[in-house]
Amino acid sequence: MTDFQKILQESMIWTEGLAAVISVIYYNRNNKEKYWKYFSIYLIIIFLSEIIGKWGGLIIEYNKQNFFNYFVIPLEFLFFYWLYAAKSLGRPKLFYTMSLLYLLSFVSSEFFFTTKKIILSFNYTVGCLLLMVLVIMEYYKQINSSEILNFNRNKMFYINLGVTLFYIGTLPFWTFFNLIKEYRELHYIYFSYFLMSGIIMYLLFSISFIWGKQSSSSY
């Protein structure tokens, strides 16, 4: 990892912390949309998980790879499935279906993808593909909404954009990680994008609380 990437990695962690802090500040600003409080709790958990991932080894012994593969990353996908399908799109059955499909991917991974990797690529690929379907559905909903001209007040606009840049944008990187890492320059560019898009995503999450605080009740 280069010095530039180390700076990006540090910045990404603290940008996650910034998003968590801002979400707490605006925690009680949207009483009509109580489920957004769970987004605040989610951001706090993710930030604390990153802190544990970076410095937890100095306090206790634990398997960092398993911590992220079996707790942090599944939490991320399951939360966004819930936020998109159950809440924004109003289709709870879709949430349960996608969650089940994602969890079943772990079974396939254990039987057919047993090699050690930085991220369980098969699980991540399935998770991202399912999330991509929800992202497209959300874009379609926003485009056809009567509130399209007030998109800047829509929390899901910022969240959807951030998720697109980070999760969907880095899907090829993690899916074909073992192939991409053989090409040093390509790996450097894509890993840098992964870190920068993560920073942008959490900044967009922060903006969603500040600028999207007056979003319509349909969101």
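A residue counts as exposed when its relative accessible area is over 50%. Ile 59 has a relative accessible area of 74%, so Ile 59 is exposed. Keep in mind that what you're looking at is a predicted model.

**Out on the surface**

Ile 59 sits in a loop, the one between α2 (36–55) and α3 (64–88). As for the protein as a whole, the accessible surface comes to about 11900 Å². Carbon and sulfur atoms own 67% of that surface.

**The overall build**

How many helices and how many strands does the protein have? The count is nine helices and zero strands. Read from the N terminus on, the elements simply go α-α-α-α-α-α-α-α-α. There are 219 residues in the protein, and buried ones make up 48% of them. Now take the contacts with a separation of 6 or more: 75% of them come from residues 24 or more positions apart.

**Inside the core**

The largest nonpolar core has 60 residues, and the ones with the most contacts inside it are Phe 80, Ile 159, Tyr 167 and Phe 205. Which helix gives the most to this core? That would be α3, with 13 residues.

Setting aside residues up to four places away in sequence, Phe 80 touches Tyr 42, Ala 85, Leu 131, Leu 134, Ile 159, Val 163, Tyr 167 and Phe 205. So that list includes Ile 159, Tyr 167 and Phe 205, which are named with Phe 80 among the residues with the most contacts inside the core.

**Ring against ring**

The structure holds 43 aromatic pairs. Here are two of them, with the numbers you'd want for a ring pair.

| Pair | Centre to centre | Angle between planes | Type |
|---|---|---|---|
| Phe 80 and Phe 205 | 6.1 Å | 40 degrees | tilted |
| Trp 174 and Phe 177 | 5.4 Å | 20 degrees | stacked |

Why does the Phe 80 and Phe 205 pair tie together parts that are 125 residues apart in sequence? Phe 80 lies in helix α3 while Phe 205 lies in helix α9 (residues 184–210), so the pair links those two parts of the chain. Both Phe 80 and Phe 205 are buried. Trp 174 and Phe 177 are both buried too.

The type labels follow from the angles: planes under 30 degrees apart count as stacked and those over 60 as edge-to-face, with the rest called tilted. At 20 degrees, Trp 174 and Phe 177 are therefore stacked, whereas Phe 80 and Phe 205, at 40 degrees, are tilted.

One more spot to look at is around Met 98, which lies in helix α4 (residues 92–112). Is Met 98 buried or exposed? Its relative accessibility is 6%, so Met 98 counts as buried. Leaving out neighbours within four places in sequence, Met 98 is in contact with Tyr 81, Leu 130, Val 133 and Leu 134. Met 98 and Tyr 81 are 17 residues apart in sequence, with 7.1 Å from C-alpha to C-alpha.

Val 133, another of those contacts, has its place in helix α5 (residues 121–143). The C-alpha atoms of Val 133 and Met 98 are separated by 10.0 Å, and the two residues are 35 residues apart along the chain. Because its relative accessibility is 38%, Val 133 counts as partly exposed.

Key:
Residues numbered from 1 in each chain as written. Predicted model: local features only at pLDDT ≥ 70, side-chain atom pairs only at ≥ 80, totals over all residues. Heavy atoms only, no water. Helix = DSSP H or I, 4+ residues; strand = E, 2+ residues; numbered from the N terminus. Buried < 20%, exposed > 50% of the residue type's maximum accessible area, 1.4 Å probe, protein only. Contact = heavy atoms within 4.5 Å. Areas by Shrake-Rupley, 256 points an atom, 1.4 Å probe, with all protein chains shown as cover. Core = buried A, V, L, I, M, F, W, Y, C linked by side-chain atoms within 4.5 Å. Phe/Tyr/Trp six-rings, centres within 6.5 Å; stacked < 30°, edge-to-face > 60°.
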